[in-house]
Structure formats: C-alpha cells, structure tokens
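This report is meant for someone looking at the chain for the first time. It moves from the chain as a whole to its helices and then to its pockets.

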Amino acid sequence: MKFNSKILLIALLGLWNCGCDENSRGVLSGEKVSGVVPVDTVNFVGHWLNEGKRELFVRNLARVYEFENQNVKVNLKFPEEIYYDPQDRASNEKYTAKVIQQGLTDWDVLRINGEYGEVTNILDDTDWPRKYLVDFSGIEQFREGTQPSLLTEDEMEKWNGVIPGPYLEGQYWALWFNKKVAEKVGIEVKQFGMTFDDFAGYLEAINQYNKSNPDDHIIPLYESYVWETTMLLALNLFASYLGNADAFLEWKMSEEKLQAWHKTLKQIERISQYNPIDPSWRETDWASSHEMMLNGECLFYVNGSWMYNIWEGIDSEKIYDIVPSELPSAGKNVIYPHDYSITWGVPQNVPNRDEAVKFLLSMNTPDVAEMWTRYTKCPTGIKGNLSSASLGGDQFEEFAKYVQDNFSENKFRYYWSSAWILDNDHYNTPVYFREVLNGEMTANEAMMAIRASIR
C-alpha cells in the first residue's frame with residue numbers, strides 16, 4: 001500500500017474506532033472481511049494503555065495489519081491485562097526474565113521496553129537477547145527502515161551485539177513546568193539554557209510565595225515514591241560539572257568525578273532550604289497524583305517526553321499549560337538524557353515467529369514514523385520525513401527539535417545507579433542525593449561517607 005494511503009487507512013480506522021461499538025469492530029479486525037477466516041494468530045503484548053493517542057496508535061497498528069493481511073488475527077492484550085503491577089515499576093522486566101527462564105511463552109511479541117540491563121541483572125546473563133530473541137540486525141527490510149545511527153556496533157552493544165526489534169519509541173527527559181503556576185508565582189521559567197542558579201531562584205521564589213500564601217500552597221517539585229525522578233536533576237548537573245561526555249559515560253572512578261559529585265551535592269544542599277519536595281512524597285501514589293501538574297498544584301516535574309501522551313489523554317486543553325524545559329546545568333549541558341528504545345521483541349521459540357517478525361517489520365516504515373510523531377510529539381528511530389518530531393508547531397515539538405539538534409550525538413539512556421558517579425563495582429553504593437535534598441546531611445558529610453565506603 002502506498003505511503004499516503006496507509007496513513008489515511010490508519011486515520012480512518014482511528015476514527016472508526018471512536019464511532020463504533022465493540023460488536024461491529026469485527027469487520028475491521030479481519031474476522032468477516034470478504035468471508036475470510038483468520039488462519040494465523042499473532043499474540044501481541046501491547047504498550048501504553050490509557051496513555052492517550054499512544055494507546056490508539058497501538059490499536060491501529062494491529063487493525064491495519066489485520067486489514068492488510070486478512071488471513072491473520074492480531075490478539076492484542078496490554079500488560080495491565082496480563083501481568084503488570086503499577087505499584088511495581090520492575091514488573092515488566094521481571095515478567096520478561098520469567099519468560100526467558102521458562103523457555104516458552106504464549107506471546108509471540110513481547111514488550112521488552114528497552115530493558116536490557118534490568119533483565120540482565122535478574123538473569124545474570126549478558127547474552128540473553130542473542131540466545132532467546134530474534135535478531136533484526138541482519139534483515140535488509142529492517143535496516144532500510146532504520147536510522148543509520150542506530151545500526152552501528154556501539155548501538156548494538158546496548159543489546160550485547162544484536163538488535164531485537166524496531167526503535168519505534170524515541171524519548172527525551174525534561175524539567176516540565178506549568179506556565180500558569182509560574183505566572184502566579186511571578187517568575188518566567190526558561191525553556192532552554194536554564195542554569196542551576198536559575199532553577200534555585202525559581203525554587204526560592206515559590207518558597208516565598210508559599211510562606212505568603214499558606215492557603216494556596218504549591219508543591220515546587222513533584223515526586224512520588226512509586227517513580228522517583230528528581231535524582232536526574234543531580235545526575236545532569238554532575239555531568240555538566242564534568243564537562244566531558246566521554247568521562248561521564250565511562251563508569252570509571254576518578255578524583256575528578258568525586259569532586260564533581262561534591263560540587264553537585266553542594267548545589268543540592270543549597271536548594272534544600274527552599275523545601276523543594278512535598279513532605280508527603282513517600283505516601284504519594286504516582287497513578288493517582290500525576291494530574292497535579294495539569295491542575296496547577298505543582299510547578300516542576302522531572303520526567304520523559306511520554307508524559308505529553310499521559311497528560312493529553314487526561315485533558316487535551318490543559319496539556320498546553322505544560323512546557324518541557326531543558327534540565328538545568330552548571331553552565332552548559334554537554335550530554336543529555338534521551339534515547340531510542342526497542343519496545344518489542346520476538347522470542348525465537350514461539351510457534352508464530354515468522355508472522356510476528358513480519359508484524360514488527362510492518363511498523364518500521366516512513367508512514368508509521370510520521371503517524372508516531374504526529375500522535376505522540378516524540379521522536380522515533382524509524383526513518384521518515386518527520387522522524388525527528390520537528391514540526392515546530394508547539395512547545396513540545398520545539399523542545400524535541402532542540403534536544404535533537406544540540407545533543408544528537410551526545411545522549412544517554414537515563415536510569416538511576418551509583419555507577420554513573422562511581423563505577424560498576426559500586427552500583428548500589430549510597431551517594432546520598434536524597435539525604436542532602438531532605439536536609440538530613442550536608443554535602444561535606446555525604447562526601448566523607450562516600451569516600452569511607454570506597455576505600
């Protein structure tokens with residue numbers, strides 16, 4: 001099917017999905033089209049349930065594939081319907097590891113969600129993708145539809161030498177802020193080029209506002225015990241103090257790194273006086289509280305570009321009060337947390353492996369890349385006219401373009417580990433970010449404890 005025709009088909013199916021009841025949808029699923037009865041089933045673990053247009057995007061992928069392959073039924077179920085526990089953010093990698101350990105699964109397409117390192121830690125096996133998942137790197141159709149920068153040996157090393165699926169999802173991290181809250185507090189937050197001095201000034205202003213308006217308390221920086229993200233502020237600041245992307249990416253301990261972390265903790269100690277985190281954050285459930293940004297109950301929130309889709313699904317008007325801003329630095333960011341993820345993979349031993357591979361290849365096309373960026377405001381690793389999400393029509397697209405223009409070669413996939421500051425042998429050694437932020441330790445006390453623990 002031609003490029004524009006497929007986009008039109010996806011759009012029509014999306015509209016049809018909104019206007020028809022469940023009993024009539026079988027016609028588009030391929031169950032009754034031209035009297036064809038499906039003979040093959042692809043069991044597909046989806047992603048992004050209840051996340052606005054991302055959920056619609058996944059459902060439309062399945063419908064279009066059925067429409068174009070009328071002898072195939074795509075059995076789409078979401079992790080929430082199978083195994084996912086919102087209180088356990090590691091439940092997906094635990095399920096993947098369980099499937100790998102058992103050596104069999106009912107699902108032809110697994111959600112692996114870019115979690116190579118996490119699953120590796122559970123299995124204690126660095127080579128599990130090569131042993132158990134289909135490697136797409138040698139498939140010419142896949143290579144033709146993938147951005148060349150993602151076909152390098154360095155990228156393949158992220159999965160220990162293989163590529164287990166399409167790089168559909170691109171993401172960047174941001175310091176999100178509510179511009180209406182900023183106006184109420186009387187500050188103008190920079191979207192780009194924010195220094196940590198700027199950030200500290202914003203926190204000081206909102207702290208003063210809260211003292212003067214006790215009946216209208218605004219949380220300066222949102223945090224939840226379910227998904228702790230404020231630690232990225234310290235890690236990004238640490239990288240900017242190092243001033244060298246290669247040194248940051250090399251998990252090797254050095255005096256230079258220890259001194260950069262000391263400077264970082266000094267800044268965290270500085271902002272602790274402004275009560276940046278709500279005292280009840282340890283009781284704050286993410287699933288029931290992430291609307292606070294939309295409702296103007298907090299000013300800042302550190303998280304990824306996927307939050308656009310979550311908030312847009314809640315309120316398609318209020319989402320435009322939210323702005324993604326560049327994470328603050330000591331002067332200039334030399335590396336930035338953003339990456340492309342492999343969302344799905346195919347186990348080697350599933351009975352419908354070949355059809356599952358064809359299904360994933362069907363999304364590695366320019367028309368799907370364009371639909372992804374239009375729906376999600378996020379970039380993608382799939383080749384396409386709009387794969388950089390650079391439409392430039394609003395604050396989300398402008399931010400995505402800024403990150404890609406300035407940090408396309410200097411990026412890292414963020415997750416919290418002490419190894420960023422120390423080395424891989426000290427993966428879980430405390431580095432005391434939280435204690436300093438909460439005012440429980442000074443930066444000097446924290447560094448004394450760190451140096452004592454690594455002697």
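## Contacts and overall make-up

Among contacts in the protein chain between residues at least 6 apart in sequence, those that join residues at least 24 apart account for 75%. The model is a predicted one, and its protein chain has 455 residues, of which 58% are buried. The secondary structure of this chain comes to 21 helices and 10 strands.

One example of two residues separated along the chain is given by E80 and V45, which are 35 residues apart in sequence and have C-alpha atoms 9.8 Å apart in space. E80 is found in helix α4, which runs over residues 79-82, and because its relative accessibility is 39%, E80 counts as partly exposed.

The buried residues in α5 are S91, N92, E93, Y95, T96, A97, V99 and I100, and what covers them includes α4, β3 (110-111), α6 and α7 (128-132). Just after α5 comes G103, which takes a positive phi of about 80°.

Helix α18, residues 366-376, is mostly covered, since 9 of its 11 residues are buried. The buried residues in this helix are D367, V368, A369, E370, M371, W372, T373, Y375 and T376. After α18 the chain continues with K377, whose phi is also positive, with a value near 60°.

## The largest pocket

The largest pocket has a volume of about 1700 Å³. Its lining is made by 50 residues, and those that lie nearest its centre are Y84, R89, N113, E115 and W227. By residue type, the lining of the largest pocket divides into 23 nonpolar, 14 polar and 13 charged residues.

Which elements each supply at least two residues of this lining? They are the helices α5 (91-102), α6 (116-123), α15 (286-289) and α16 (307-314), together with the strands β4 (169-178) and β8 (336-341). The largest share, 5 residues, comes from α6.

## The second largest pocket

The second largest pocket holds about 1100 Å³ of space, and of the 34 residues that line this pocket, E155, K158, D339, K411 and R413 are the closest to its centre. Two or more residues of the lining are given by each of α6, α9 (153-157), α13 (245-249), β8 and β10 (411-412).

The element that gives the most to the lining of the second largest pocket is β8, with 4 residues. The residues of this lining divide into 12 nonpolar, 12 polar and 10 charged.

## Cysteines

How many disulfides does the model contain? If a disulfide is taken as a pair of cysteine sulfur atoms within 2.5 Å, the count comes to 0 disulfides.

Are C298 and C378 buried or exposed? Buried means under 20% relative accessible area; C298 has a relative accessibility of 0% and therefore counts as buried, and C378, with a relative accessible area of 0%, is buried as well.

Technical notes: Residues are numbered from 1 along each chain as its sequence is written. This is a predicted model: local features need pLDDT of at least 70, side-chain atom pairs count only at pLDDT 80 or more; totals for chains, interfaces and linings use all residues. Side-chain values use heavy atoms; hydrogens and water are left out. On a 1 Å grid over the protein atoms alone, a cavity is a set of points where a 1.4 Å probe fits but cannot get out, and a pocket is an open set with protein on both sides within 12 Å along at least five of seven lines; lining residues have an atom within 4 Å of a point. Grid points are joined across faces, edges and corners, and a volume is the space filled by probe spheres set on the points. Ala, Val, Leu, Ile, Met, Phe, Trp, Tyr, Cys and Pro count as nonpolar, Asp, Glu, Lys and Arg as charged, and the others, Gly among them, as polar. Buried means under 20% relative accessible area, exposed over 50%, partly exposed in between (1.4 Å probe, protein chains only). Contact means heavy atoms within 4.5 Å.
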